[in-house]
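Please read this briefing alongside the sequence and the 3D structure. It goes through a few points topic by topic.

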Amino acid sequence: MEIDEEKIDDAVLALLWLTLHDGDRAWKGFDWGVMDRLHQKGLISNPAGKAKSVVLSDEGLRRSEELFRALFMRSTR
């Protein structure tokens, strides 16, 4: 079985939206490989450093909310 890193990245980005604070910061307690890939995609600031959170780019904010809603919200019928 092969891991789909794109799906992992999407799930982590969605979970970053769940931990947003101060408008555009999210706690960075996820796998370093995933965080590095999200940084390379321009969705978050560089996760390396002493800060316990990362800043999401405008695109990262938009995409993280979109993914959170798609993956974790129930439809209201």
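In this predicted model, a polar atom of the S64 side chain lies 3.0 Å from the backbone oxygen of L61. S64 is part of helix α3.

**S64 and its surroundings**
- S64 has 0% relative accessibility, and because the cut-off for buried is under 20%, S64 counts as buried.
- Apart from residues up to four places away in sequence, S64 touches L13, A14, W17 and L56.

**L56 and its contacts**
- With neighbours within four places in sequence set aside, L56 contacts L13, L20, D24, A26, L43, I44, L61 and S64.
- L56 is also among the residues of the largest nonpolar core that touch the most other members.

**The largest nonpolar core**
- This core has 15 residues, and those touching the most other members are V12, L13, L16, M35, L38, I44 and L56.
- Two or more residues come from each of the elements α1 (5–18), α2 (32–40) and α3 (58–72).
- The element giving the most to this core is α1, which supplies four residues.

**The annotated domain**
- An unreviewed UniProt entry places the feature "domain: DUF6429" at residues 4–73.

How values were computed:
Residues are numbered from 1 along each chain as its sequence is written. This is a predicted model: local features need pLDDT of at least 70, side-chain atom pairs count only at pLDDT 80 or more; totals for chains, interfaces and linings use all residues. Side-chain values use heavy atoms; hydrogens and water are left out. A nonpolar core is a set of buried Ala, Val, Leu, Ile, Met, Phe, Trp, Tyr and Cys residues joined through side-chain atoms within 4.5 Å. Buried means under 20% relative accessible area, exposed over 50%, partly exposed in between (1.4 Å probe, protein chains only). Contact means heavy atoms within 4.5 Å. A polar contact is a pair of N or O atoms within 3.5 Å; within protein, one must be able to donate a hydrogen and the other to accept it, and residues adjacent in sequence count only if both atoms are side-chain atoms. UniProt positions are given in the numbering used here, feature names are shortened, and annotations may be inferred rather than shown by experiment.
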